[in-house]
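This briefing sets out selected side-chain contacts and surface features, grouped by topic. Please read it alongside the sequence and the model.

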Amino acid sequence: MRRGAAPILLVLYLFAAAAGTMALKVATDRIPRARVPGSSIIYLPSGKYLKVATFGYNLLAADLIYLWSIQYYSNYEIKDRFAYLERIFTIISELDPRYTDPYEVGALIAVAEAQDPELALKILDMGLAKNPEQWVFPFEAGHIAQMTLKDFERAQRYYEKCLAIPGAPVFVSRLRANAMFKRGDLQTAWQTWLEIYDTATDDEVRKVASNHLYQVKAAIDSGDLAEAVKAFQTRYDRLPASLEDLLRTGIRSALPKDLDGQDYVYDPATGAVKAPTIPWKR
Amino acid sequence: MKVGAIALNTFKEAKRDRILYLLFFFAAGAIIFARILAMLTVGDRLKIVKDVGLAAISIFGILMAILMGTGLVYKEIDKKTIYTLLAKPIHRAQFLLGKFLGLVLTLFIMTGLMGLIFLGIVFAHSLRFEGRLLIAVLFIFLELILITAVAILFSSFSTPILSSIFSLSFALIGHLSWGLETLIKKLPSPAARAAARGLYAILPDLENFNFRTEVVYGLPIPPAIYLHATAYGLVYTAFILGLAVLVFRRRDFI
């Protein structure tokens, strides 16, 4: 062999070996293998034990499990990936209770991906228990209770918890008032919106509060009028031709007007009563 | 004077040690990698950068202290250079202290460099200088001083491999000893509780030097704890060095 050829051959050999290794790795990865469902998670010890086992590097361990969990829950090929959702986020919270991102992301995954709003509320409750100064947890829980579960009473309780924490944004009081309205507590909703209207510091908030007051009043008045229409129907076995029929027959002594002083709209074919204006278009 | 000369020579020797640069390279790599790792998160990326950076300084600092500290005395014995040294009017305590200070100086420079890279990465991420992170780095260095003393203690009577295992165990126990508090509360027998309390007092508590949670989350640190943790670290180091001198004085090199 010619002198100087050996190093070239060695380099070529190294390239060939490296290429072979990479090709074999890719080929091996392509072979489907049987796996135990959730096998990458079930052997992860609880956060309490893991905290001891991390020898003081619990923040780092929490970061790594959190980063891994984001990748794991983004993998749509793992069908049973939500089976251990609570366990994973409990472990992270035990390792680093003050780390707020995992509670928020965990709740988001639970409600949006796993379709498990109760679990989302559980994760957010856990976050609040460990970080009582963070208003964001009851705020998000209230939002989930209101928008996903349609449990307005629960939403109202979460918003009240949120408002009790210093630094909570003022718009939460509006969400609370809206939850009250949605659960049918119209008198309290009226009082709350009135308070928001009276204490508003800018015109935009005052306008929003005014629209909500309009909506609440319309709901109260429409309810009253619907009952009067029902009483008329029971008495005369027909629907009134107009709302004035309620006055003529003495069922009502006066007809209410909306917040802008307009008459409510009555449909004699169905007996339905509605506000003359859409609150948000006033 | 003699201690200073030995310390300076130990520092020069440590500077030539490849393992130091290898560990420093990995530490710097881990700190820089933290920035890439942070991209994978949803939420506060800076928190990941800080956690990984501080953990890298701590882990690689401990490895430097152990891997270099355990070989310090052994190398002198193995290469028989200790005969030349001890034949001179040098007390064995001066020899050990010089070795210890030389390695502490090396670790100070290495921790400082790792800290600079770390602060640079944090600055690149947040565009603000977070001086409070230096508190955590400073106490990591204090922990490294104690571990260096432990490594020298084991190195004075054992082989580097065994000394490394013992020193690493010391570091691990030091970060676990807080668990004894839970055990003390759960032990039914008063005698067992007293024994566990005694063990808790003797065992090192390296969590006293762990301020990573406080600096990462910006939590308040009671000022008294700085003094207490520093005094604890220095007194424990002095105790371990005293033990090392005691063992080393009794060693026969003939």
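Leu105(B) is partly exposed, at a relative accessible area of 36%; on this scale buried means under 20%, exposed over 50% and partly exposed in between, with a 1.4 Å probe and protein chains only. The structure is a predicted model, in which local features need pLDDT of at least 70 and side-chain atom pairs count only at pLDDT 80 or more, while totals for chains, interfaces and linings use all residues. Residues are numbered from 1 along each chain as its sequence is written, chains are lettered from A and ligands numbered from 1 in the order in which they are written, and side-chain values use heavy atoms, with hydrogens and water left out.

**Nonpolar surface patch**

- Leu105(B) is found in helix α5 of chain B, residues 92-126; helices are DSSP runs (H or I, at least four residues) and strands likewise (E, at least two), numbered from the N terminus.
- Together with Phe108(B), Ile109(B), Leu113(B) and Leu116(B), Leu105(B) forms a nonpolar patch on the surface, and the accessible area of these residues together is about 440 Å².
- Patches are made of residues with over 30% relative accessible area and no salt bridge, joining nonpolar side chains (Val, Leu, Ile, Met, Phe, Trp, Tyr) within 5 Å and like charges within 9 Å.
- Accessible areas come from the Shrake-Rupley method with a 1.4 Å probe, and for residues only the protein chains shown count as cover.

**Salt bridges**

- Over all chains, the count comes to 19 salt bridges, each being a side-chain nitrogen of Lys or Arg within 4 Å of a carboxyl oxygen of Asp or Glu.
- Arg98(A) and Glu133(A) form one of them, with the closest N and O atoms 3.2 Å apart. Arg98(A) lies in the loop between α5 (85-95) and α6 (100-113) of chain A and Glu133(A) in the loop between α7 (117-130) and α8 (136-147) of chain A, so the pair ties together parts that are 35 residues apart in sequence.
- Arg98(A) is partly exposed at 30% relative accessible area, and Glu133(A) is partly exposed at 37%.
- A salt bridge also joins the side chains of Arg248(A) and Asp245(A), at 2.3 Å from N to O. Both residues lie in helix α13 (residues 244-248) of chain A, 3 residues apart, or about one turn of the helix.
- Arg248(A) counts as exposed, at 62% relative accessibility, whereas Asp245(A) counts as buried, at 9%.
- In chain B, the side chains of Glu13(B) and Lys99(B) meet in a salt bridge of 3.6 Å, N to O. This pair links distant parts of the chain, 86 residues apart: Glu13(B) is in helix α1 (residues 2-15) and Lys99(B) in helix α5.
- Glu13(B) counts as partly exposed, at 26% relative accessibility, whereas Lys99(B) is buried, at 2%.
- Asp63(A), Asp96(A), Lys47(B) and Asp51(B) are linked in a network of salt bridges.

**Aromatic pairs**

- There are 21 aromatic pairs over all chains; rings of Phe, Tyr and Trp (its six-membered ring) pair if their centres lie within 6.5 Å, and planes under 30 degrees apart count as stacked, over 60 as edge-to-face and the rest as tilted.
- Among them is the edge-to-face pair of Phe170(B) and Tyr236(B), at 6.3 Å centre to centre with 75° between the planes. Phe170(B) lies in helix α7 (residues 160-176) of chain B and Tyr236(B) in helix α11 (residues 223-249) of chain B, so the pair ties together parts that are 66 residues apart in sequence.
- Phe170(B) is buried, with a relative accessible area of 11%, and Tyr236(B) is buried, with 12%.
- The ring of Tyr236(B) also pairs with that of Phe239(B): the centres are 6.2 Å apart and the planes at 85°, so this pair is edge-to-face. Tyr236(B) and Phe239(B) are 3 residues apart in helix α11 of chain B, separated by about one helical turn.
- Trp68(A), Tyr72(A), Tyr73(A), Phe82(A) and Phe89(A) form one aromatic cluster.

**Charges over rings**

- Lys47(B) lies over the face of Tyr99(A), at 3.6 Å from the ring centre; a charge sits over a ring if NZ of Lys or CZ of Arg is within 6 Å of the ring centre and within 35 degrees of the ring normal.
- The charged end of Arg92(B) sits over the ring of Phe248(B), 5.7 Å from its centre.

**Positive phi**

- Gln115(A), a residue other than glycine, has a positive phi near 55°. Gln115(A) is placed in the loop between α6 and α7 of chain A and counts as exposed, at 60% relative accessibility.
- Lys150(A) is not a glycine, yet has a positive phi of about 55°; Lys150(A) lies in the loop between α8 and α9 (152-163) of chain A.
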